[in-house]
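Thanks for sending this one over. Here are my notes, point by point, for you to read alongside the model.

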Amino acid sequence: MTNVIIEKINAKKVFKGAKIKVMITTLTNISLGYDIVEVDNPDEAIADVENVIAPELIGYPATDIDFVDTLICESSVNNPIVTMGISISVARAASNSLDIPLFKFLGGALTTDLPIVASGILVDKNNNELMPIVMAESVEDIVNLNLRLIDALSQNYSIVNIDGAYVCRDIFNEIPKIRNLIDEIKEEEDLDILLGLSTKKEIAKDKDLSQIDYLEVEEPVEFDGFLCTDSLYEESDFVKVYPYEMGTITEMYYYINYIMEKGLYPVIFGNNSSFAHIAVSFKVPFIRAKLASNMLNEVWNIERTITNPNIRRF
């Protein structure tokens with residue numbers, strides 16, 4: 001088998017999503033891979049990639065992701081967005097060199113479990129957000145449910161934000177209406193659908209949450225359903241994982257395993273389609289992404305490449 005050697009890593013500014021971002025590209029002797037990251041200072045990020053980390057990685061095998069990530073961690077760059085961007089670009093180059101999807105490169109050929117993907121469908125001015133969490137037999141079922149909800153919401157709401165969610169004045173006034181809508185569809189389609197809410201602890205503690213099944217807050221509050229928090233707490237059921245705060249794919253792998261060892265479930269937050277592959281390979285049951293992102297479609301693409309796919313449930 002041909003050795004897959006890193007020959008060059010570069011970075012450049014790109015215009016994407018109405019913002020200037022940085023594309024990090026890894027070139028090997030037979031493949032390439034890239035990742036696009038959003039940083040506060042693109043020029044500094046480019047310098048960190050090309051002048052600090054890239055020289056340390058050139059000449060080493062892209063397929064040895066654990067070793068590559070160790071070298072990245074040992075560099076003087078302390079911006080986890082930049083280091084994760086390089087880690088993903090190298091992993092992408094490695095998987096492309098083997099002509100296999102990223103999830104198979106990271107998780108192995110026998111990977112079959114797919115994560116649930118949930119997106120906010122209604123948001124208010126304080127960024128409180130309602131989301132349907134669909135546990136179905138196929139990704140297509142989740143897609144069709146989202147389409148049906150979007151169509152129903154269009155009858156009552158007129159403004160859609162850049163993330164694809166409808167906008168209302170106060171999310172808490174809309175909970176009964178959305179609860180009834182989801183329950184109607186749940187009965188008609190014979191699907192298990194939970195209603196989720198993302199908000200702040202200070203707001204949640206004074207609200208009636210009896211119609212909510214899943215709650216995202218920074219720290220624990222009194223709640224009878226599934227609770228997702230920023231860190232690990234005794235009261236938590238789920239823990240938020242932000243990949244661009246992890247540093248590298250390897251560090252993210254160890255953190256996800258640590259969460260699972262504590263009997264909790266990790267939830268990946270992000271819109272990068274690479275995170276779909278990481279979730280599948282690391283057996284993460286749940287992804288939270290924007291409705292306008294490509295996340296659900298990427299999980300759908302992954303499902304098509306698996307012989308006997310199984311969507312996770314909780």
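1. Let me start with the aromatic cluster: Tyr214, Phe226, Phe238, Tyr265 and Phe286 make up one such group. Rings of Phe, Tyr and Trp (its six-membered ring) are paired here if their centres lie within 6.5 Å, with planes under 30 degrees apart called stacked, over 60 edge-to-face and the rest tilted. By this rule the count comes to 10 aromatic pairs. One of them joins Phe238 and Phe286 edge-to-face, at 6.2 Å centre to centre and 65° between the planes. This pair links distant parts of the chain, 48 residues apart: Phe238 belongs to strand β12 (residues 238-241) and Phe286 to strand β14 (residues 286-288). Phe238 and Phe286 are both buried (under 20% relative accessible area; exposed is over 50%, partly exposed in between, with a 1.4 Å probe and protein chains only).

2. A word on the ground rules. This is a predicted model, where local features need pLDDT of at least 70 and side-chain atom pairs count only at pLDDT 80 or more, while totals for chains, interfaces and linings use all residues. Residues are numbered from 1 along each chain as its sequence is written, and side-chain values use heavy atoms, leaving out hydrogens and water.

3. On the overall fold, the chain holds 10 helices and 15 strands, taken as DSSP runs numbered from the N terminus (helices H or I, at least four residues; strands E, at least two). The radius of gyration is 20 Å, close to the 20 Å that the globule rule gives for 314 residues, so the chain is as compact as a globular protein of that length. That radius is taken over C-alpha atoms, and the rule is 2.2 Å times the number of residues to the power 0.38. Along its principal axes the C-alpha trace spans about 60 × 40 × 40 Å.

4. Next, the packing. Buried residues make up 52% of the 314 in the chain. Among contacts (heavy atoms within 4.5 Å) with a separation of 6 or more, 60% come from residues 24 or more positions apart.

5. Two backbone spots may be worth a look. Ala18 has a positive phi of about 65° although it is not a glycine; this residue sits in the loop between β1 (6-16) and β2 (19-28) and is exposed, with a relative accessible area of 59%. Asp99 has a positive phi of about 60°, again without being a glycine. The loop between α3 (80-97) and α4 (102-107) holds Asp99, which is exposed at 72% relative accessible area.
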